[in-house]
Amino acid sequence: KFSFGNVVKTNVYYGRNTSEGSFGSIAKDSALGKDLKLTADLPGIKTDVIGADFKYATSKATNITAGIYQLKAVDNTKNDKRTAYEIGVDTKLSNDWTATASYAKVTGDNPLFGKIEDHNKAYMIGFDYKVADKTKVGSYSAFVNYRNIEENADLVPTFDNAVIGNGGIGE
């Protein structure tokens with residue numbers, strides 16, 4: 001990981017997922033700063049992961065974020081490659097409340113079905129109440145999210161085990 005920038009904070013990532021059993025890896029959700037799992041499709045495919053995310057503070061309360069992430073299978077004959085494009089916004093409504101929204105689109109190849117041309121978008125809107133601090137006993141967070149994650153949108157921010165192809169209200 002390489003980071004730079006003061007006005008537009010930028011992170012650039014590169015790595016190889018060497019774990020067996022996934023066409024995916026762990027990356028960062030630029031909109032919320034959380035780890036996300038890039039979803040598994042086929043067992044035994046190792047991938048190169050490259051990505052960049054950008055964060056620009058439009059005010060003390062509001063951030064605009066964007067990201068681009070690419071997975072490329074390195075050990076199969078199909079040369080599968082997928083790219084996700086993401087844009088998001090978060091704004092603090094008060095000391096305790098934050099509103100978030102993000103949209104993503106995936107292009108490339110699905111190892112099972114070929115070229116990804118449709119059912120490749122995802123969006124999420126949500127509200128967060130407080131932020132848990134694991135160093136403080138008794139701190140907590142609560143959130144509600146609506147997600148629409150289409151079945152080919154598997155590089156979008158599917159944090160906290162959201163299931164691909166499902167939408168609905170978060171836990």
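This report walks through a predicted model of one protein chain, from its overall make-up to a few residues of interest.

## Overall make-up

The chain has 171 residues, and its secondary structure comes to 12 strands and 0 helices. Read from the N terminus, the order of elements is therefore simple to write down: β-β-β-β-β-β-β-β-β-β-β-β.

Of the residues, 37% count as buried. The chain exposes about 9,800 Å², with carbon and sulfur atoms supplying 57% of that area.

Before you set up any calculation, here is the confidence picture. The mean pLDDT is 75, and 67% of the residues reach 70 or more. Confidence is highest in strand β10 (residues 121–129), at a mean of 93, and lowest in strand β3 (residues 26–29), at a mean of 40.

Over residues 20–43 the pLDDT is below 50, although the model gives this stretch 84 contacts beyond near neighbours in sequence. Residues 163–171 also stay under 50, and here the model has 26 contacts beyond four places in sequence.

## Aromatic pairs

A search of the whole structure turns up 4 aromatic pairs. One of them is formed by W97 and Y129, whose ring centres are 4.9 Å apart; their planes meet at 50°, so this pair is tilted. W97 sits in strand β8 (residues 97–110) and Y129 in strand β10, so the pair ties together parts of the chain that are 32 residues apart in sequence. W97 is partly exposed, with a relative accessible area of 38%, and Y129 is partly exposed at 24%. Together with Y140, W97 and Y129 form one aromatic cluster.

Strand β10 also contributes Y123, which pairs with Y146 of strand β11 (residues 142–149) across 23 residues of sequence, linking distant parts of the chain. The Y123 and Y146 pair is tilted, with 6.1 Å centre to centre and 35° between the planes. Y123 is partly exposed, with a relative accessible area of 35%, and Y146 is partly exposed at 36%.

N63 belongs to strand β6 (residues 62–73). Is this residue buried or exposed? Its relative accessible area is 14%, which is under the 20% limit, so N63 counts as buried.

Setting aside residues up to four places away in sequence, N63 touches K55, Y56 and A57, and also G88, V89 and D90.

K92 is found in strand β7 (residues 81–92). K92 and N63 are 29 residues apart along the chain, and their C-alpha atoms are separated by 9.2 Å. While N63 is buried, K92 is partly exposed, with a relative accessible area of 41%.

Which residues does K92 contact, leaving aside its neighbours within four places in sequence? They are A61, W97 and T98.

Methods. Residues are numbered from 1 along each chain as its sequence is written. This is a predicted model: local features need pLDDT of at least 70, side-chain atom pairs count only at pLDDT 80 or more; totals for chains, interfaces and linings use all residues. Side-chain values use heavy atoms; hydrogens and water are left out. Helices (H or I, at least four residues) and strands (E, at least two) are DSSP runs, numbered from the N terminus. Buried means under 20% relative accessible area, exposed over 50%, partly exposed in between (1.4 Å probe, protein chains only). Contact means heavy atoms within 4.5 Å. Accessible areas come from the Shrake-Rupley method with a 1.4 Å probe; for residues, only the protein chains shown count as cover. pLDDT is the predictor's confidence in each residue, from 0 to 100. Rings of Phe, Tyr and Trp (its six-membered ring) pair if their centres lie within 6.5 Å; planes under 30 degrees apart count as stacked, over 60 as edge-to-face and the rest as tilted.
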